[in-house]
Structure formats: structure tokens, C-alpha cells
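Hi everyone, thanks for making time this morning. I'd like to walk you through one protein model, starting with the whole and then stopping at a few residues.

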Amino acid sequence: MASPVFEGAADPSTGDPATPLLLRRYADLAGGGCGLVVVSHAAVHHTGVSNPGMVRIDSDGVIVGHRRLVQAARAADPTGEVKFAIQLNHVGLFAHMAAPEQVVAPSAEFGLLPIVRELDPTSPIAREGIADLPAERIWEVQSWYADAASRAKAAGYDAVMLHLAHGYLLAQFLSPSFNRRQDAYGQDRARFVVETAAAVRAVVGPDFPILVKMNAADNVPEGTDPELAADALRRLVAEAGVCFAEISSGTGLSLPALQPIRVRKDIPAGPCYNLPDAVAVRERLAGVDGLHFAVVGGIRTLADVDAVLAAGIDVASFGRPLVRQPDLPRRLLAGEAATCVSCLGCLAQSRKDGSRFGCVVQRALDERAARQIEDAQ
């Protein structure tokens, strides 16, 4: 599967995804050999935007743009069998563009806040004025996800994926490190997540797939671990009909070597750095029917894919390698190798100027080749 990757290339004023770059990117992915393509994290509300150019699905006005994206991707699928989903997200504390009083978070105080304020007092998440989400607004926030899911279905997506990883809002409610509430949503940290998924289920109907991307390890003190993740997934299946979980790890506050996206030097040897935790979650849910698993992170070769499948995980998920080679699955089957060097230049580009999102290494090579041709003429 093509794991959702932030591009920062949507219309910066509306979050409409039907920009030339994104239309081309998802068409390329649709023809590249992945069976499932997930559009990267779309904000369910304007207070949940992390960067300019983040895809949004927070108003009916963007449904047409999402429909164009899906149609362009389907037209590029030579098999007619690729499924398309969209990841629904609110970044919570990491809403750097929101005023402090607009930030939606389970708790203004969280485990690493003292350290953040000491090391980086200018950090947006350390601002004064951020407050716990009032209990009377819980349903309002959950309705943002439900409304976004309804728009996604209307736009023609085959499924929605709730972003329950990387320290964003749903993950913040689940994590003991981020959720320090004293009310029912702190005593039962999975409650907000399960209720949100149930609200989505209520609007999309019984047969529309709801997927989740979930951390099995936050890699911060007192963070989510495989046991907590498995307990939440069990309830998500039982109470909201969730059928698929892509396992990841890390948050923006984890140490660099333990964040969701890692440079080459921080990727350990082996097929996938999240595979052991993914297996741990799956084993805890061995008796749960109808739940399928994917794992992402560090997968580069067919041997890696085979190792993932041999461990009992259903799907191998590719993220950054598809930025340079959107047809990587087909290339691997043809005996070629992945060329992504995990430099994270594409991530830096998405945050700086998403209109130029892409593999910076490949762009440099292409520009050098063009100059050589020009000089030779």
C-alpha cells in the first residue's frame, strides 16, 4: 500500500487537493502497483491545520476538488482494482497556525511540556493560552471527523483512515503522556477515539471501510505502547467496525532517531523498525475477527515485504520511497531496487514550499543531466 505522506501541495487558501502536483502524484501512485493508496492527512477543521498546503476536507466546497483527485487517480489505474482512501486528521497541539485559544487538545499540560519549555520556549506547543478541550465541546470536535468522512464518501473515496498516530489529536487523547484530563475522557483515554470512530460509522453506513493509522509506540515517556494500542483497537473493531490498522510509531516530540520519519542513519538494520511492535499488537488481538494489519517504516526490498508477510502482517506499506519511485512495487517485482536514500529532503520541501514537493535528490540529478545535455548541444 501507499502510506499517506504529507506533501504540503494543496491550495494554501482552501486546502483543495486538485492542484497539478497532487493530481499528478496520485495518478502516478495509482499506476505504480500498490493495491491501496491513501491521500495524506486531510484536516477535518481549520483549527487542525499544521502547515500551509495541508489538504483539507473541512467544508463542502472542497468536495469537487477531492472528486477530481479520485477520478484522476482511477483513470490512471490500469487494473481498475486499486482502492483509494483519505486520511482524516486534526493535528491538535501541533496546530502551529492556530491562535493559542483555538488550539484543540485533551490537555494543555502534558508530559514533555516542561522539557519543551526549557529547551525551546518559543515552540508553538509551549504557548500560553492553550486550554484543555471543554467537555461540552467533545461532540462538536467528534462531529468534524464525521462530517469530513461524509464528504470523503461523497467525493468517491473507497474508505477513510483515521489518523491515530504520530502524536496528533486522536493519538493525544489515547496517550497517557498527552492526556492528563481528570474527567471521563482522562479516566478512559480510548473513549474519545472510540466515540469519534463510532460517529464516523454512523454517517458512512455499515459497509464503508474505516481504517486507522495507529502508533504501537509513541517513543516518549508514558506514551502509547502495544498493549494500550491493542486494547483501543479491540474496542474500535467492536464499537465502530474498524477493519484495518496500519502500525507506525513516534511523535514530533520523540528523539530524532525514534520519530515517525527517520533519516538513513537512524533506520536500524532489518526489514522494518515497526514490525516487532506490529506483531505484538496483532498477537494481542489474535481472537478478533475482521481486522487486518499493515506496517510501515524502513521497507525497501522484496525480502523486506516477505519478512513482513511471514511475521503475520497482511500488508507492507511504503511511504517515502514512493516519492522518488511511485512505481516502486512494479520495479521491485521486475528486479530493480529502491533508490530512496532517506535524506528527508522531501519532508523539508513539503514544509518549506509544497508546490515543489518531490524527491530533491532526483530533482538534482535531473537538473544536472539537463545541463549536461544543454552543454553538449
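Let's start with burial: of the 377 residues in this protein, 57% count as buried. Please keep in mind as we go that this is a predicted model.

Now the overall shape. A compact globule of 377 residues would have a radius of gyration near 21 Å, and the protein has 20 Å, which agrees. If you follow the C-alpha trace along its principal axes, the spans are about 70 × 45 × 40 Å. The secondary structure comes to 14 helices and seven strands. And here is how the chain meets itself: take the contacts between residues at least 6 apart in sequence, and 72% of them join residues at least 24 apart.

What about the surface? The protein exposes about 15400 Å², and carbon and sulfur atoms supply 53% of that area. As for charge, there are 36 positive and 43 negative side chains, with the centres of the two sets 4 Å apart.

The rule here asks for two cysteine sulfurs within 2.5 Å. For Cys-34, the closest cysteine sulfur is in Cys-340, and it is 14 Å away, so that is too far for a bond. Cys-243 is in no disulfide either, as its nearest cysteine sulfur, the one in Cys-34, is 18 Å away. Are these two cysteines covered or open? Cys-34 is buried, with a relative accessible area of 4%, while Cys-243 counts as partly exposed at 22%.

Next, please find helix α9, residues 275–284. Which of its residues are buried? They are Leu-275, Ala-278, Val-279, Ala-280 and Val-281. For anyone who likes to picture the turns, an α-helix has 3.6 residues a turn, so residues three or four places apart point the same way.

Pro-226 is buried, because its relative accessible area is 15%, and the cut-off for buried is under 20%. Setting aside neighbours within four places in sequence, Pro-226 is in contact with Ala-216, Asp-277, Ala-280, Val-281 and Arg-284. Pro-226 and Ala-278 are 52 residues apart in sequence, yet their C-alpha atoms are 7.7 Å apart in space.

For contrast, let's look at another proline, Pro-20, found in helix α1, residues 20–30. Is Pro-20 buried or exposed? At 65% relative accessibility, Pro-20 counts as exposed. Its C-alpha atom is 9.3 Å from that of Ala-10, ten residues away along the chain.

Two more stops in the chain. Arg-137 sits in the loop between α3 (113–119) and α4 (138–155), and is partly exposed, with a relative accessible area of 28%. Its C-alpha atom is 9.9 Å from that of Val-104, and these two are 33 residues apart along the chain. Then move into helix α4 itself, where you will find Ser-143. Ser-143 is buried, with a relative accessible area of 16%. From Ser-143 to Gln-325 is 182 residues along the chain, and their C-alpha atoms are separated by 37 Å.

Last, some backbone angles. Most residues other than glycine have a negative phi. Which way does Asn-219 go, positive or negative? Positive: its phi is near 60 degrees. Asn-219 is in the loop between β4 and α8, and is partly exposed at 27% relative accessible area. Ser-342 also has a positive phi, near 55 degrees. You'll find Ser-342 in the loop between α12 (328–333) and α13 (345–352). Ser-342 is buried, though, with a relative accessible area of 5%.

Terms used
Residues are numbered from 1 along each chain as its sequence is written. This is a predicted model: local features need pLDDT of at least 70, side-chain atom pairs count only at pLDDT 80 or more; totals for chains, interfaces and linings use all residues. Side-chain values use heavy atoms; hydrogens and water are left out. Buried means under 20% relative accessible area, exposed over 50%, partly exposed in between (1.4 Å probe, protein chains only). Helices (H or I, at least four residues) and strands (E, at least two) are DSSP runs, numbered from the N terminus. The radius of gyration is taken over C-alpha atoms; the globule rule is 2.2 Å times the number of residues to the power 0.38. Contact means heavy atoms within 4.5 Å. Accessible areas come from the Shrake-Rupley method with a 1.4 Å probe; for residues, only the protein chains shown count as cover. Lys and Arg count as positive and Asp and Glu as negative; His and the chain ends are not counted. The place of a charge is taken as NZ of Lys, CZ of Arg, CG of Asp or CD of Glu.
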